[in-house]
Every structure is written in C-alpha cells, then in structure tokens.
Amino acid sequence: MDPRIDKHLNSNIKDLINEFDGIQQALDKFEIGCAPCSLGTCKLKDVVGIHNLNAENEKELISQIFKIIYPDEIFDIPRIAQEKKNTGNTMSPPLRMLVNEHILIKRVLALAPKITEILDFSIPEHKMLILDIVDFIRSYADKYHHSKEEDILFKYFDSSLDIIKVMISDHVQSRSYVTEMFNAVETGNTLIAKNNLIYYCDLLTEHINKEDTILYPWMDNNLDTKQVGKMYSEFLSINNSKPEIQGKYEAIVNSFENFKL
Ligand SMILES: [Fe+2]
Ligand SMILES: [Fe+2]
C-alpha cells in the first residue's frame, strides 16, 4: 500500500478539513457530519469505519478525499470498515439490551412537550411529577443505563475516540440539567424546571439516536464473540443485582403517561 494512504488514514479529520478545501463537503455528501464530534481527534479511518458505509460508498468517499489532496494521482484504495455483521434487530444481546432500555427512556422524553406546556408548581402534584421524573432519570436512565455504557461497554474501546468522549460529555451535561430541575422544584421555579426538562430531552433524544444508529452498530461490529459474551454476563449481573428495577420503572413510566395534567 502507498504509505501516503496510511499516513492520511491516520491523520486527524479536523486537520485534513482545515488543510484541504472540499473535504468537509465530501463528508457531508455521505451524511458524515463531524460537527458533533467537535473535539477533533478522530482519525480519518475511524470516521470512515464508525459510519459503516458500504464498500462502494466507502471507496468513493476515500477516493474523493485523495483526489482533493492529490488532484493528479489515482490511488488503489483499501477497504477500511469490517463488513457489517450486525444491524438493527440482529444486534448482539448486550447491545440489544441497551437499545431496549432506550425505548423506556424515549417514552419519558416523548412526554416533555405536553408537560412543559402545562407545568405549574403552584399545583403540588406537578412538583411531585417532576421529582418522579428526576428519580426516573437518575435511577434508571443514569445509574442503570448510562453506567452500563460508561463502566462496561465503552471500556472495550479506545477511550480517546471522539465519539466516546462526546457520549460521556453528553451524560455529564444531562446530569447538570437534572440537578437544575431538582433545584427548581425546591425553589418552586416552574420556568427553570421547564427549560431544563426541554434541554435534557433535546440532548438525550439526539444522544440516543446517535447510539442506536451509529455508535452501537459500529461497536457491535468490532466486538468478537468472546467479548460479546463477557459483556452480556457483566450486564446481566447488574440486572440481577437490581431485579426489580425494570418492572418498577416501566410501571412508573405508565403512570407518567396516564398523569392528568
Ligand atoms: Fe449514552
Ligand atoms: Fe444509551
């Protein structure tokens, strides 16, 4: 392989975008937006690999990038991503478990527009509703679900990858919105609670979408059978240590959906 291919595949994507006009546009054509991964340390090969393009599109994208860097040369481009093994319903059991947990979280996110329209802390039940939502987010979405990602899933991958750093910083940011919501109940400030519920829901909606459609399929593709088995048993031991949690919070989410605002 031409050593220049290896060199540029291992270059930081932000450096390439800054140095060569047209690379951002080439990525945009394949719906690869680097803006969310704003930390700037992803390598070109990671960016290509993580988005799991099919062989034809991957070759086309890298060819276009090399055409921009070396307009007068033609390169024999190697395949970067592994062939897709798992997507959607065929995800491995541990990743499917996380996708299923997202479904319960998304049911709460879906209630936010209705809640923020009506919320009024002069009504005691409304304060209780927000406290119950805060408890759901802290106990289920964060301690149960995000901890599986941070303490187990992400540990199987290079922690310096931009996409993992961004996912963790989303978790951190989401916790601060929840603290604001909790404090707003204490001070009786309806507006602050509404605003932070909206911020939280916007952030988590985009975050879950990225995990379901980009991050998890890519991770699943890059785990071997032994790792998948080990991860699944680690997830199951968390579930077994809190056997009541899934049923308890499903019932609580049902009660949110039936809450008369
Ligand atoms: Fe996450
Ligand atoms: Fe998640």
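This report describes the domains and selected helices of a predicted model.

Residues are numbered from 1 along each chain as its sequence is written, and chains are lettered from A, with ligands numbered from 1, in the order in which they are written. Local features need pLDDT of at least 70 and side-chain atom pairs count only at pLDDT 80 or more, whereas totals for chains, interfaces and linings use all residues.

The domain assignment, which is automatic or from a database, gives domain 1 (3-69) and domain 2 (88-257). Their centres, taken over C-alpha atoms, are separated by 30 Å.

Helices are DSSP runs (H or I, at least four residues), numbered from the N terminus. The table describes the packing of two of them.

| Helix | Residues | Contact residues |
|---|---|---|
| α6 | 93-109 | Pro93, Pro94 and Met97 |
| α11 | 225-241 | Val228, Met231, Tyr232 and Phe235 |

Contact here requires C-beta atoms, placed from the backbone, within 7 Å. The axes, lines fitted to C-alpha atoms over the stretch in contact, lie 8 Å apart at an angle of about 45°.

Helix α9 covers residues 162-187. Its 26 residues should span 38 Å at 1.5 Å a residue, and its end C-alpha atoms are 38 Å apart, which agrees; the expected span is 1.5 Å times one less than the number of residues. Thr187, in contrast, counts as exposed (12 or fewer) because it has 9 C-beta neighbours inside 10 Å. Gly188, with a positive phi near 75°, follows α9.

Note on methods. Axes are lines fitted to C-alpha atoms, for helices over the stretch in contact, and angles run from 0 to 180 degrees between N-to-C directions. Helices (H or I, at least four residues) and strands (E, at least two) are DSSP runs, numbered from the N terminus. Two residues are in contact if their C-beta atoms, placed from the backbone, lie within 7 Å. A residue is buried if 20 or more other C-beta atoms lie within 10 Å of its own, exposed if 12 or fewer, and partly exposed in between; C-beta atoms are placed from the backbone.
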